[in-house]
Amino acid sequence: MKKILVIGSGWEQYALIQTIKEEGHSVIATNPKMNADGFKLADSYYVKDSRDIKAHISIAQTHGIDAVVTDNCDYSFYTAAVVASKLKLPFATIRSAIYSNDKFEQRESCKRTGIGQPEYYKVKKPDELFAAAHRIGYPIILKPVDSRGTFGVTIINNDEELEAAFYDAIDNSPSRTLIAEKFIHGTLVTVDGFCFKNGHRALAVASRRFEEGPKPVTKEIIYPAQFTDEINLRLLKNHEAVVESLEYSYGHTHGEYILTADNEIFLVECTNRGGGVYTSTVIVPLLTDINLNRILLHQSLGDDDFEAEGTRLESMKRSVILTFLDFEVGHVIKKINVQEMLDKPYTVRFRSFYGENDMVESIENCASRHSMLVLQGDDAKAAQANLSAFKEALRVDYYK
């Protein structure tokens with residue numbers, strides 16, 4: 001039995017923690033919230049902010065940990081990298097953690113190797129944003145360099161929208177630093193990969209559908225992306241080039257790209273951790289039949305021997321849809337048939353953030369979406385049919 005420190009132990013990391021327990025190890029878990037799902041499986045747990053490096057070093061030393069593991073969260077990833085460096089444990093480099101937590105540093109690194117990117121500028125003051133917007137030309141997109149979940153992200157179309165967007169973005173940036181970029185019209189694409197013993201491999205490519213408006217909120221993600229095999233292969237290879245540029249060499253990689261109508265590819269961001277909302281812990285393993293949670297654990301223990309095989313396009317063996325279903329804003333929920341929907345043969349995960357007697361609030365960013373659903377099918381057509389069947393069977397009753 002090894003002692004594994006898991007930094008960030010919420011519902012997104014639950015499957016990873018399950019794997020650690022199934023392997024027979026002891027889990028020391030941390031999370032900012034007392035009711036974290038991962039605490040249910042932990043042998044010891046601490047309510048700690050994922051950015052509290054000093055506390056995590058103390059916890060690691062107190063328990064004499066053998067490995068540190070984290071996933072899905074940039075803040076947890078940075079802290080884990082520092083803890084691992086301090087204790088001389090296998091993990092990603094602090095440099096990789098810096099790139100994962102700083103979109104401007106990512107762009108600067110990728111610029112040196114010719115990766116396709118939008119025009120961009122670092123911004124810290126309103127006058128700098130004004131100057132950047134006029135150099136780039138509208139529309140632009142403004143975001144914190146170091147937030148997650150689309151917090152503080154706004155698409156700006158004119159001078160009148162600059163001020164409100166600036167203060168929203170700066171409020172959501174721990175470093176009080178922003179990046180202003182040319183807004184590229186096209187389809188947002190997600191590519192997920194993994195750094196195996198025999199090198200990095202892009203494994204899964206998905207296309208996204210967004211809610212229209214100044215605040216970009218993802219509504220649906222489908223694997224494989226609904227493009228030709230040629231385009232999907234280009235996207236997978238492009239992600240591998242970005243990962244090489246950033247010199248990631250451990251664990252998951254998660255990249256977001258814009259594919260234009262002319263099939264040009266532009267980098268949005270690329271991190272050295274897995275995608276959230278079940279992406280790395282559930283969806284990519286399901287798509288590929290590769291137990292990535294187990295491999296990540298063994299990499300952190302220093303005894304991984306798994307080597308990836310086959311071609312890139314062969315890695316996606318079925319179709320998966322991750323979608324976000326909306327409830328009626330302003331109404332109080334009486335009942336949702338959650339268990340009935342979980343029992344459907346095509347349902348992989350279904351999670352509602354609202355239950356009985358909760359009032360439904362409006363969606364302001366990705367973190368405030370009402371529910372999330374992961375379902376599968378033998379191919380995209382079957383997955384879409386299953387989604388239609390799910391929506392038909394879902395019952396959300398409200399107090400009127």
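1. Buried is taken here as under 20% relative accessible area, exposed as over 50%, and partly exposed as in between (1.4 Å probe, protein chains only). The model is predicted: local features need pLDDT of at least 70 and side-chain atom pairs count only at pLDDT 80 or more, while totals for chains, interfaces and linings use all residues. Residues are numbered from 1 along each chain as its sequence is written, and side-chain values use heavy atoms, with hydrogens and water left out.

2. Helices (H or I, at least four residues) and strands (E, at least two) are DSSP runs, numbered from the N terminus. In helix H6, residues 126-136, the buried residues include Leu129, Ala132, Ala133 and Ile136. They lie on the same side of H6, because they cover an arc of only 100 degrees around the axis; the arc is that of the directions from the helix axis to the C-beta atoms. An α-helix has 3.6 residues a turn, so residues three or four places apart point the same way.

3. Among the elements that cover the buried residues of H6 are strands E5 (120-123), E6 (140-144) and E8 (178-182), together with helix H7 (162-171); contact means heavy atoms within 4.5 Å. Gly137 follows H6 and has a positive phi, near 90 degrees.

4. Strand E10 spans residues 199-211 and contains Arg208. Arg208 has a relative accessible area of 18% and is therefore buried. Its side chain makes a polar contact with the side chain of Glu256 at 3.4 Å. A polar contact is a pair of N or O atoms within 3.5 Å; within protein, one must be able to donate a hydrogen and the other to accept it, and residues adjacent in sequence count only if both atoms are side-chain atoms. Beyond four places in sequence, the contacts of Arg208 include Thr187, His254 and Glu256.

5. Ser207 also lies in strand E10 and is buried, at 10% relative accessible area. The side chain of Ser207 reaches the backbone nitrogen of Gln226 at 3.3 Å. Not counting residues up to four places away in sequence, Ser207 touches, among others, Thr187, Glu220, Ile221 and Phe227.

6. Val205 is a further residue of strand E10, buried with a relative accessible area of 0%. With residues up to four places away in sequence set aside, Val205 touches residues including Val189, Tyr223, Leu236 and Met316.

7. Tyr45 belongs to strand E3, residues 44-47. Tyr45 counts as partly exposed because its relative accessibility is 39%.
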